[in-house]
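Please look over the structure shown here.

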Amino acid sequence: MPYLQAISLILAVFAFPCVSVAWNNASPPKYGRVIIKKHSERAGLAPVIFDHWVHRSRFTCRLCHVDIGFAMEANGTNITASMNRQGYYCGSCHDGKRSFDGKITFQACSGGASKEASVRCDRCHSLGKNVVREYEFADFANKMPKAYTGNGINWEAAEEQGLIKLVDFLDGISTQRASLKMQKDFSLEVKASWVGEVKFSHKKHAIWNGCEVCHPEIFPSVQKGRTKFNMFQISDGQFCGVCHEKVAFSLKACEGCHISPVGIGR
Amino acid sequence: MNKIKISVAVLIAAVTLTLPFSAVYHGAPDIVGSVYSQDNWKTEFEIVCAKTQDPMTLSPDELRMLISRCDQLRTLIDKLDETQRKVYLRRLQMCKDLFSFVLESKENK
């Protein structure tokens, strides 16, 4: 049996880097960055740079991916300027009227030929441009608890410490909801002998995502052991990998999920 | 005398005109319901999708009812303009999928 465990470990050490081409090696400021380019270039504009960290420091995942309706994959929403101007997608918040943290949002895709309008376009349509950002990652990250992967920010600790207060309701967009009923945390059975078990916290996930971000699209069964998946699928962007390795903490942080000690002969 | 005749005629005409509406209201609640829903699809949408907060506490019958309400809402949302339809059909589908998912998991227990 120790031979089998040793072989498993050797295979894992050599095989996992093969799939690690899918690993997100972006620098902390660029981790979670999405380039939106479906219509921009045709309209004579630079593609949009969307930095998740700016938005996730203020809003829950659910607000954008359920209430506003953004798809979970890059360029999956097919946003147009007209939709934004009508008050949907980016225009749900960026309407020139709503205010967050005491600041009125700029109006997305409001057009115009003035220099002021051009500067406004550049706030989002900035790929390849030297645009001065209103929010600097370093200034923000310096105040946050640290993590060693992803954005380098421990978002969960940041919320627990009251450093970020996430908005989960947008007037006129979100539905009035009762408080969320949390489901129990549970353990996931791990087949490999060299990694610890996974303790899945419903609370940690549901507080930012609600139920419908994950079920049934990402996890199609609530019955324990029915949805089977492995690290290859996860690193390929399925199951946990829909968020982890893209926006949520990286797969390199094994102990984020595999909570018990890792090692041969445990 | 003429004034009385005119008043009676006006009264009869008024009663005749209002009768169909009262008949619809009392005798055909489904028609009224659909008219109500068309005007207030968003209210119905908000009521239905607010239930995604605690789907595991709902009974199979309640879940089936919610799925059916999602299907009815879909026909109304299908008539909206392109952008509204796109946004709300996706949101509605997420609600319906969650209810179906919970119902299936309860039935398979």
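1. A salt bridge is counted where a side-chain nitrogen of Lys or Arg lies within 4 Å of a carboxyl oxygen of Asp or Glu. Such a pair is formed by Arg177(A) and Asp67(A), with 3.0 Å from N to O. The two residues belong to distant parts of the chain, 110 residues apart: Arg177(A) sits in the loop between helix H8 (155–160) and strand E5 (186–188) of chain A, and Asp67(A) in helix H3 (residues 61–68) of chain A. Over all chains the structure holds 16 salt bridges. Helices (H or I, at least four residues) and strands (E, at least two) are DSSP runs, numbered from the N terminus.

2. On the basis of these notes: this is a predicted model, in which local features need pLDDT of at least 70 and side-chain atom pairs count only at pLDDT 80 or more, while totals for chains, interfaces and linings use all residues. Residues are numbered from 1 along each chain as its sequence is written, chains are lettered from A and ligands numbered from 1 in the order in which they are written, and side-chain values use heavy atoms, with hydrogens and water left out.

3. How many residues does each chain bring to the contact between chain A and chain B? Chain A gives 36 residues and chain B gives 26 residues, where contact means heavy atoms within 4.5 Å. About 2,500 Å² is buried between the two chains, 55% of it from carbon and sulfur atoms; buried area is the accessible area (1.4 Å probe) that two parts lose on being put together, summed over both.

4. H3(A) packs against H5(B) at about 110°, with the axes 8 Å apart. Axes are lines fitted to C-alpha atoms, for helices over the stretch in contact, and angles run from 0 to 180 degrees between N-to-C directions. The two helices are therefore roughly perpendicular (65 to 115 degrees; under 35 is roughly parallel, over 145 roughly antiparallel, and the rest oblique). From H3(A), His65(A), Val66(A), Asp67(A) and Ile68(A) meet Val87(B), Arg90(B), Arg91(B) and Met94(B) of H5(B). By class, this contact has 4 nonpolar, 1 polar and 3 charged residues (Ala, Val, Leu, Ile, Met, Phe, Trp, Tyr, Cys and Pro count as nonpolar, Asp, Glu, Lys and Arg as charged, and the others, Gly among them, as polar).

5. Within chain B, the axes of helix H3 (residues 41–49) and helix H5 (residues 82–107) come within 10 Å and cross at roughly 30°, so H3(B) and H5(B) are roughly parallel. Residues of this contact include Trp41(B) and Phe45(B) on H3(B), and Tyr88(B) and Leu92(B) on H5(B). The contact divides into 8 nonpolar, 1 polar and 2 charged residues.

6. H3(B) also has its axis within 10 Å of that of helix H4 (residues 60–77) of chain B, with a crossing of roughly 150°. H3(B) and H4(B) are therefore roughly antiparallel. Trp41(B) and Phe45(B) are among the H3(B) residues in this contact, and Leu66(B) and Leu73(B) among those of H4(B). Here the classes are 9 nonpolar, no polar and 2 charged.

7. Two backbone details in chain A remain. The peptide bond from His215(A) to Pro216(A) is cis, with omega near 0°, and Pro216(A) lies in the loop between helix H9 (202–209) and helix H10 (231–235). Asn75(A), a residue other than glycine, has a positive phi near 65°; Asn75(A) is in the loop between H3 and helix H4 (81–85) of chain A.
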